[in-house]
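Colleague: I would like to learn how to read side-chain features in a model. Please take me through them one at a time.

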Amino acid sequence: MSLMIGGLIGPSVTHAKTVNQKPCDIYAAWNTPCVAAHSTVRSLYANYSGPLYQLKRASDGAVRNIGVLADGYANAATQDAFCAGTTCVITKIYDQSPKHNDLTISLGGRYKGTGSDGSDLGAVADALPITAGGHQVYGVSISPGMGYRNNRTSGVAVRGKPEGMYMVSSGTHFNSGCCFDYGNAETSGMDTGAGHMDAVNVTKDLSWVDCRNAPGLGVQADLENGLFHWNKRSCHPATNVIGAPPFLSAWLKNNGQTSFVLKWADARSGKLNTIYAGVLPAGYAPMHQEGAIILGIGGDNSHASAGSFFEGAMTAGFPTDSADNAVQSSIVAVGYGARTGLSGVLTPGAEISLRATTACCTGDYVRNQNGAAMITPITSNSAEQDKGDATWIIRHGLADNACVSFESRNNPGAFLQLQNSVLRVQPFDGTTQSRSDATFCTQVGKNGRGSSFNLVNDPKKYIRHYYGKVYAANDGGGKNSWDTTAHWIDDVSFIVGPPWAP
Ligand code: AHR
């Protein structure tokens with residue numbers, strides 16, 4: 001058995017021509033052309049000049065395509081102008097390949113979403129600001145309930161045909177919910193059995209008992225009814241070495257008949273690491289792919305996952321290792337990075353801490369504690385879990401761009417939000433109510449120190465700590481004990497500082 005299908009054929013262009021090649025030029029040169037090429041960040045062909053993605057804005061329902069600049073990176077300034085003063089969701093991610101396998105918000109499947117007619121939700125367009133190629137652009141931030149799909153594709157592998165795929169994702173933004181996938185899935189949105197999926201998956205996989213102690217995430221193959229790290233129904237030791245690169249490239253290729261390969265790499269540096277190259281699990285050979293494409297969900301439209309997506313492609317045919325290596329070099333050349341200078345400031349994308357200023361509690365920080373919002377002491381000696389729980393990622397206000405929302409560092413997709421009069425840290429469910437309950441407008445701290453934050457839809461209510469818990473409180477006159485005027489100006493003033501989580 002050989003894993004080198006297509007691997008003995010050299011690139012069909014000269015080296016001189018390959019220098020400026022992008023991922024799908026590289027795969028084409030190695031006779032495994034892309035049949036899907038998706039990115040909100042950049043073109044995946046040197047000569048692609050079409051749209052990358054489509055937005056829909058909340059204020060008037062208008063849609064707008066976002067295209068590329070002359071150097072192939074997304075023209076994100078168009079997005080900023082179009083979405084100014086309102087919010088936008090990503091409604092379509094265009095396929096740059098000639099197959100036109102565009103991804104749209106999933107219409108649901110075995111599991112329905114909370115959108116209209118059971119569809120999933122679209123990703124918030126400005127939730128993931130990054131730097132790529134020296135430009136300020138946006139990735140796709142998937143929270144539970146969001147997902148994209150195309151059930152009627154062209155050219156994608158079916159019924160045991162060979163294929164390959166990769167995605168640039170995140171090693172810090174993930175969860176253990178099913179299933180942060182990119183790749184081949186069922187056309188019905190239903191679980192139709194072993195081998196009917198072939199998608200690369202990035203998650204903290206809790207499905208195998210021996211994976212539960214792994215420190216971080218893994219890169220797996222979702223082959224349906226199982227996330228496979230290798231041909232066994234158990235955790236692969238290589239899962240334990242991935243660490244937490246902020247930008248992670250994850251790779252799967254499958255010859256459709258006997259074998260599959262999993263690799264990963266830091267998307268900012270370094271070479272590909274092979275996790276597994278060997279036979280398919282029992283019951284999965286040959287494969288029975290159906291050819292739909294999914295992003296951020298499982299084959300049956302399970303949508304409990306969280307993750308980040310920056311670019312990804314699928315090929316017809318089993319790519320060579322040389323092609324994969326060249327594509328990884330193209331990814332590294334992007335220079336994926338966070339927006340610069342984003343620590344301890346109230347700028348979307350920044351990570352921060354919020355320290356109390358009341359005399360009782362100046363060593364206490366606003367934190368997530370199992371879904372409740374609390375203040376507790378945090379020091380450099382605190383446990384990593386506590387430090388992450390006391391770290392917040394600033395997002396554009398989910399209901400108002402001019403304000404901010406606080407996403408939990410340890411619980412991606414969960415936001416500080418009002419629920420039954422108290423503040424809690426709960427998944428953003430995409431509803432209008434959830435947006436406004438999670439949006440706070442910033443002003444100078446009421447006691448002259450730091451900042452205070454009022455609810456966008458109830459400007460008299462401010463984030464306040466009171467006896468260790470965190471509320472949205474009036475300055476007197478409210479019906480609750482936490483609305484008392486005593487210590488109010490101190491209790492609603494917080495120092496925005498550097499994040500506790502590394
Ligand atoms: O294989 C894991 C998941 O199981 C699939 O993505 C989904 O279709 C099923 O629930």
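Modeller: Start with polar contacts: a polar contact is a pair of N or O atoms within 3.5 Å; within protein, one must be able to donate a hydrogen and the other to accept it, and residues adjacent in sequence count only if both atoms are side-chain atoms. This is a predicted model, where local features need pLDDT of at least 70, side-chain atom pairs count only at pLDDT 80 or more, and totals for chains, interfaces and linings use all residues. Residues are numbered from 1 along each chain as its sequence is written, and side-chain values use heavy atoms, with hydrogens and water left out.

Colleague: Which side chain does Thr376 join in a polar contact?

Modeller: That of Arg367, at 3.2 Å. Thr376 belongs to strand 24 (residues 372-377); strands are DSSP runs of E, at least two residues, numbered from the N terminus.

Colleague: Is Thr376 buried or exposed?

Modeller: Buried means under 20% relative accessible area, exposed over 50%, partly exposed in between (1.4 Å probe, protein chains only). Thr376 has 15%, so it is buried. Contact means heavy atoms within 4.5 Å. Beyond four places in sequence, Thr376 is in contact with residues including Gly363, Asp364 and Tyr365.

Colleague: How do I read a ring pair?

Modeller: By the distance of the centres and the angle of the planes. Rings of Phe, Tyr and Trp (its six-membered ring) pair if their centres lie within 6.5 Å; planes under 30 degrees apart count as stacked, over 60 as edge-to-face and the rest as tilted. The count here is 16 aromatic pairs. Tyr365 and Trp500 are edge-to-face, with 5.3 Å centre to centre and 85° between the planes.

Colleague: Which parts does the pair of Tyr365 and Trp500 tie together?

Modeller: Tyr365 is in strand 23 (residues 364-369) and Trp500 in the segment after strand 33 (494-497), so the pair links parts 135 residues apart in sequence. Tyr365 is buried at 11%. Trp500 is partly exposed at 22%. Tyr466 and Tyr471 are also edge-to-face, at 6.4 Å and 70°. Ring pairs join Tyr466, Tyr467, Tyr471 and Trp482 into a cluster.

Colleague: And the nonpolar core?

Modeller: Nonpolar side chains tend to be buried together in soluble globular proteins. A core is a set of buried Ala, Val, Leu, Ile, Met, Phe, Trp, Tyr and Cys residues joined through side-chain atoms within 4.5 Å. The largest has 91 residues; Tyr166 and Tyr182 are among those with the most contacts inside it. Apart from this core lies another, of 24 residues, including Ala356 and Phe494.

Note on methods. Helix = DSSP H or I, 4+ residues; strand = E, 2+ residues; numbered from the N terminus.
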